[in-house]
Amino acid sequence: FTNSTVKDEKDKAFQQEINQKYAVFALPLPDKYDFAGEDVPMGNFDVREAFDRELLVNVYWQSQTLLFFKRANRYFSVIEPILKQYGVPDDMKYLAVVESGLMNVTSPAGAKGVWQFIEVAAKQYKLEVSDEVDERYHLEKSTQAACRYFKDSYQIFKSWTLVAASYNSGMGALQKQTSSQKISSFYDLQTSEETSRYIFRILAVKYIMENPRR
């Protein structure tokens, strides 16, 4: 009993020192949460674990997260009205944060702009891509193109969470997965780690940006 008490006191003192020096904590997760009005099944252990992973990664990557806030102050005021105009849920703006960090970047696969369109998809969704002009870098026009994609995808999946997943994996690939597995919820889907982490990173980024003081 004496040894146990000493150990507890040492553990408590150690934790206090860690808290004072580093302020690193396990983060409480919400009991209820949603994306685009669709419930996230927080009672599911696998869902909570995946959410927890991405929340920890992004909360403690402070430099990146602060830059997200700074850029959102500039770009969300442009993106949000376009989403509303097209009848797309406001939460879909977080895809742009996860895709590009709200920067006009180029991926190793050649995807460009805030919404990270590859050339074929950009042309399919009415963006001009030529030697002289690349509208993937045009925030308003590329957001409109993203909205057209979202609407097309929603006609197939009838779920905004699956629409978000299709933005990462492609509509065709996701349609094959949902059809073969006979499911209609993303959270029941067995998919690649990349697509799974993509969705949970969106959820984590949304949670952080909606609750900065927390």
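**Rings, helices and a buried alanine**

Biologist: Quick one to start: is Trp160 buried or exposed?
Modeller: Trp160 counts as buried, at 10% relative accessibility. Buried means under 20% relative accessible area, exposed is over 50%, and partly exposed is in between (1.4 Å probe, protein chains only).

Biologist: What am I looking at, and what are the ground rules?
Modeller: It's a predicted model, so local features need pLDDT of at least 70 and side-chain atom pairs count only at pLDDT 80 or more, while totals for chains, interfaces and linings use all residues. Residues are numbered from 1 along each chain as its sequence is written, and side-chain values use heavy atoms, with hydrogens and water left out.

Biologist: OK, rings. How many aromatic pairs are there?
Modeller: The count comes to 15. Rings of Phe, Tyr and Trp (its six-membered ring) pair if their centres lie within 6.5 Å; planes under 30 degrees apart are stacked, over 60 edge-to-face, and the rest tilted. Among them is Trp115 with Tyr167, edge-to-face at 6.3 Å centre to centre and 80 degrees between the planes.

Biologist: Where do those two sit in the chain?
Modeller: Trp115 is in the loop between α4 (93-100) and α5 (119-124), and Tyr167 is in helix α7 (residues 160-169), 52 residues apart. Helices here are DSSP runs of H or I, at least four residues, numbered from the N terminus. Trp115 and Tyr167 are both buried.

Biologist: And what does Trp160 do with Tyr154?
Modeller: Their ring centres are 4.2 Å apart with planes at 20 degrees, so that pair is stacked. Tyr154 is partly exposed, at 25% relative accessible area.

Biologist: Which residues form a ring cluster?
Modeller: Ring pairs link Trp115, Phe117, Tyr125, Tyr149, Phe150 and Tyr167.

Biologist: Switching topic: how do α3 and α9 cross?
Modeller: The axes of α3 (residues 62-85) and α9 (residues 193-210) come within 11 Å and cross at roughly 75 degrees. Axes are lines fitted to C-alpha atoms over the stretch in contact, with angles from 0 to 180 degrees between N-to-C directions. The contact (heavy atoms within 4.5 Å) involves Gln64, Thr65, Phe68, Phe69, Ala72 and Phe76 of α3 and Arg201, Val205, Ile208 and Met209 of α9.

Biologist: Last one: what's Ala122 touching?
Modeller: Leaving aside neighbours within four places in sequence, Ala122 contacts Phe117, Leu127, Val129 and Arg136. Ala122 lies in helix α5 and is buried, with a relative accessible area of 0%. Its C-alpha is 9.3 Å from that of Asp134, twelve residues apart along the chain.
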